[in-house]
Amino acid sequence: DYLFKKLFKSNNFFTILDADFPYLVSEYIQHKIIWFNPIFFNDIIIDYDIVEKIIKHKFKNFIVFENINKNKSVKNIKHFHFFIKKYKVKVQFNNEI
């Protein structure tokens, strides 16, 4: 399966990637997906506490959710969406030297 090989080429437990088809949200929100390798997690329940702990190691200010089955475009690989707030950076230059 193409998607499986793309996500888990290093035989890793999970992969975090930018969403290939991000939801229409503010430009200050980044849409990512955490994918869980079914070889390791096929029969294991993955709850929000586990997902949040993994995400917290790398990101702050996020929300996470899992689509209900009928809304999933990929049903055979467990995954959760999460949104991260990107901060606006205002740069102001002073022309005086």
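1. A word on terms to start: helices (H or I, at least four residues) and strands (E, at least two) are DSSP runs, numbered from the N terminus. With that in hand, look for Asn-67 in the loop between strand E3 (62-65) and E4.

2. Before going further, please keep in mind that this is a predicted model, where local features need pLDDT of at least 70, side-chain atom pairs count only at pLDDT 80 or more, and totals for chains, interfaces and linings use all residues. Residues are numbered from 1 along each chain as its sequence is written, and side-chain values use heavy atoms, with hydrogens and water left out.

3. Is Asn-67 buried or exposed? Asn-67 counts as buried because its relative accessible area is 17%; buried means under 20%, exposed over 50% and partly exposed in between (1.4 Å probe, protein chains only).

4. Now for the partners of Asn-67. Its side chain makes polar contacts with the side chains of Tyr-23, at 3.0 Å, and His-81, at 3.3 Å. A polar contact is a pair of N or O atoms within 3.5 Å; within protein, one must be able to donate a hydrogen and the other to accept it, and residues adjacent in sequence count only if both atoms are side-chain atoms.

5. Which residues does Asn-67 touch, not counting those up to four places away in sequence? They are Tyr-23, Lys-72 and His-81, where contact means heavy atoms within 4.5 Å.
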